[in-house]
Amino acid sequence: MAGKMNQTQVKDILLQLKEDIEEFTVIFSGKKSTKVDGLYKPSTREIIIHNRNTEDQNAIIYTAVHEFAHHIHVSSSPVPVPRRAHTKEFWSILHNLLSKAEALNVYKN
């Protein structure tokens with residue numbers, strides 16, 4: 001993608017990876033975080049990306065896909081997802097999304 005991506009473009013990419021999913025929002029915080037590149041808020045279904053952490057579009061896509069995997073995990077799980085969100089199921093969802101993103105040429109591993 002030429003130039004900087006915006007929130008809508010990132011969401012469009014995520015929807016290419018999985019479209020039959022509960023509604024969610026992608027938000028660029030406009031901040032830099034020393035702790036995390038992004039986070040997912042299950043209560044509001046928000047994927048928040050600290051877009052000042054990097055200029056690297058590929059890294060932003062990775063972060064968005066990672067948080068999207070949390071959204072899929074939380075919204076499709078028949079049981080409550082534990083607080084320790086990086087379960088085997090989560091990693092499986094993330095791996096599948098990243099493989100699909102690579103196949104669509106929207107992400108490079």
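Visitor: Which element gives the largest share of the lining of the largest pocket?
Guide: This is a predicted model, in which local features need pLDDT of at least 70 and side-chain atom pairs count only at pLDDT 80 or more, whereas totals for chains, interfaces and linings use all residues. Residues are numbered from 1 along each chain as its sequence is written, and side-chain values use heavy atoms, leaving out hydrogens and water. The largest share, four residues, comes from H2.

Visitor: What is the volume of the largest pocket?
Guide: A pocket is an open set of points on a 1 Å grid over the protein atoms alone, with protein on both sides within 12 Å along at least five of seven lines, and lining residues have an atom within 4 Å of a point. Among the lining residues are Leu39, Tyr40, Glu67, His70, Val81 and Arg83, and by class the lining has seven nonpolar, two polar and two charged residues. The volume of the largest pocket is about 230 Å³.

Visitor: How much space lies in the largest cavity?
Guide: A cavity is a set of grid points where a 1.4 Å probe fits but cannot get out, and a search of the whole structure finds one of 30 Å³ or more. Its lining includes Asp37, Ile49, His50 and Ala59, and three lining residues, the largest share, come from H2. The space in the largest cavity is about 50 Å³.

Visitor: Which strands stand at the edges of the sheet?
Guide: The sheet is open and holds three strands in the order S1-S3-S2, with mixed pairing, where two strands pair if DSSP finds at least two bridges between them. Each edge strand has a single partner, so one side of each is left without a neighbour in the sheet. The edge strands are S1 (25–28) and S2 (38–41).

Visitor: Which residue in S3 is the bridge partner of Lys41?
Guide: S2 pairs with S3, which covers residues 46–49, in the antiparallel sense and over four bridges. In S3, the bridge partner of Lys41 is Glu46.

Visitor: How many residues apart in sequence are the parts that Lys4 and Glu55 tie together?
Guide: The structure holds four salt bridges, each a side-chain nitrogen of Lys or Arg within 4 Å of a carboxyl oxygen of Asp or Glu. In one of them the side chains of Lys4 and Glu55 meet at 3.5 Å, N to O. Because Lys4 lies in the segment before H1 and Glu55 in the loop between S3 and H2, the pair ties together parts whose separation in sequence, in residues, is 51.

Conventions:
Helices (H or I, at least four residues) and strands (E, at least two) are DSSP runs, numbered from the N terminus. Grid points are joined across faces, edges and corners, and a volume is the space filled by probe spheres set on the points. Ala, Val, Leu, Ile, Met, Phe, Trp, Tyr, Cys and Pro count as nonpolar, Asp, Glu, Lys and Arg as charged, and the others, Gly among them, as polar.
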